[in-house]
Amino acid sequence: MTALLFGLTFALAAPFWALMILLPRWSWTTRIVGSPLIVLPIVAIYALLVIPAFGEVLPAVANPTLDGVTALLGTPAGAAAGWAHMIAFDLFVGRWCYLDGRERGISPFVMAPILLLTILLGPLGLAAYLGVRKALG
């Protein structure tokens, strides 16, 4: 079940990324991606992975140590939960960058590599977007 949930995580996010990168000016893209609810299926996967292990997860995140987080993420369920966590937040951040970029009139040719970077290395994609946003005013 864990492997299935892991595989499903990015599969559920990929269509939204494809819309933002490949069809950024399509009216339906803005309508669909405009809803923050697009992350809910991934959040549901995260919940399915975390809630059964809540007794182990809560102490590890309430008082985090490197060893504790390593132990938590060092299992298939922990890695899958960590992956779902990253995918949900990366999608939410990418969604914000896309919508904010559209409002500011930032070219889709500028946004596409930023969104790709956000998919792959979330915080670096956000940093790139914030830099472009500041540079373009």
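**Close-up 1. The side chains of Asp100 and Arg133 are joined by a polar contact of 2.7 Å in this predicted model.** Asp100 has its place in helix α6, and apart from neighbours within four places in sequence, the residues that Asp100 touches are Tyr129 and Arg133. Although Asp100 and Arg133 stand 33 residues apart in sequence, their C-alpha atoms are 8.9 Å apart in space. Is Asp100 buried or exposed? Asp100 counts as buried because its relative accessible area is 9%, and buried residues are those under 20%.

**Close-up 2. Thr9 is a buried residue of helix α1, which covers residues 2–22.** The relative accessible area of Thr9 is 0%, so Thr9 falls under the 20% limit that defines a buried residue. Which residues are in contact with Thr9, once its neighbours within four places in sequence are left aside? They are Ile42, Ile45, Trp83, Ala84 and Ile87.

**Close-up 3. Helix α7 runs from residue 108 to residue 120 and is capped at its N-terminal end by Ser107.** In this cap, a side-chain oxygen of Ser107 lies 3.0 Å from the backbone nitrogen of Phe109. The 13 residues of α7 reach 18 Å from the first C-alpha to the last, which is close to the 18 Å expected at 1.5 Å a residue. Within α7, the residues Pro108, Met111, Ala112, Ile114, Leu115, Thr118 and Ile119 are buried. An α-helix has 3.6 residues a turn, so residues three or four places apart point the same way. The cover over the buried residues of α7 includes α1, α6 (residues 76–104) and α8 (residues 122–136).

**Close-up 4. A nonpolar patch on the surface is formed by Leu22, Leu23, Trp26 and Trp28.** Together these four residues have about 450 Å² of accessible area. Leu23, one of the residues in this patch, is placed in the loop between α1 and α2, the latter helix covering residues 27–33. Leu23 counts as partly exposed because its relative accessibility is 43%, and the partly exposed class lies between the 20% limit for buried and the 50% limit for exposed.

**Close-up 5. Pro36 sits in the loop that lies between α2 and α3, where α3 covers residues 40–50.** With a relative accessible area of 39%, Pro36 is partly exposed. Leaving aside neighbours within four places in sequence, Pro36 is in contact with Phe92 and Arg95. Where does Pro36 stand in relation to Thr2, 34 residues apart from Pro36 along the chain? The C-alpha atoms of Pro36 and Thr2 are separated by 25 Å.

Overview. From the N terminus on, its elements run α-α-α-α-α-α-α-α, and along its principal axes the C-alpha trace spans about 45 × 30 × 20 Å. Of the 137 residues in the chain, 34% count as buried. Among contacts with a separation of 6 or more, 70% are made by residues 24 or more positions apart. The accessible surface of the chain comes to about 8100 Å², and 75% of this surface belongs to carbon and sulfur atoms.

Definitions and conventions: Residues numbered from 1 in each chain as written. Predicted model: local features only at pLDDT ≥ 70, side-chain atom pairs only at ≥ 80, totals over all residues. Heavy atoms only, no water. Helix = DSSP H or I, 4+ residues; strand = E, 2+ residues; numbered from the N terminus. Buried < 20%, exposed > 50% of the residue type's maximum accessible area, 1.4 Å probe, protein only. Contact = heavy atoms within 4.5 Å. Expected span 1.5 Å × (residues − 1). Polar contact = N/O pair within 3.5 Å; in protein donor to acceptor, adjacent residues only side chain to side chain. Patch = residues over 30% accessible without salt bridge, like charges linked within 9 Å, V, L, I, M, F, W, Y side chains within 5 Å. Areas by Shrake-Rupley, 256 points an atom, 1.4 Å probe, with all protein chains shown as cover. Salt bridge = Lys/Arg side-chain N within 4 Å of Asp/Glu carboxyl O.
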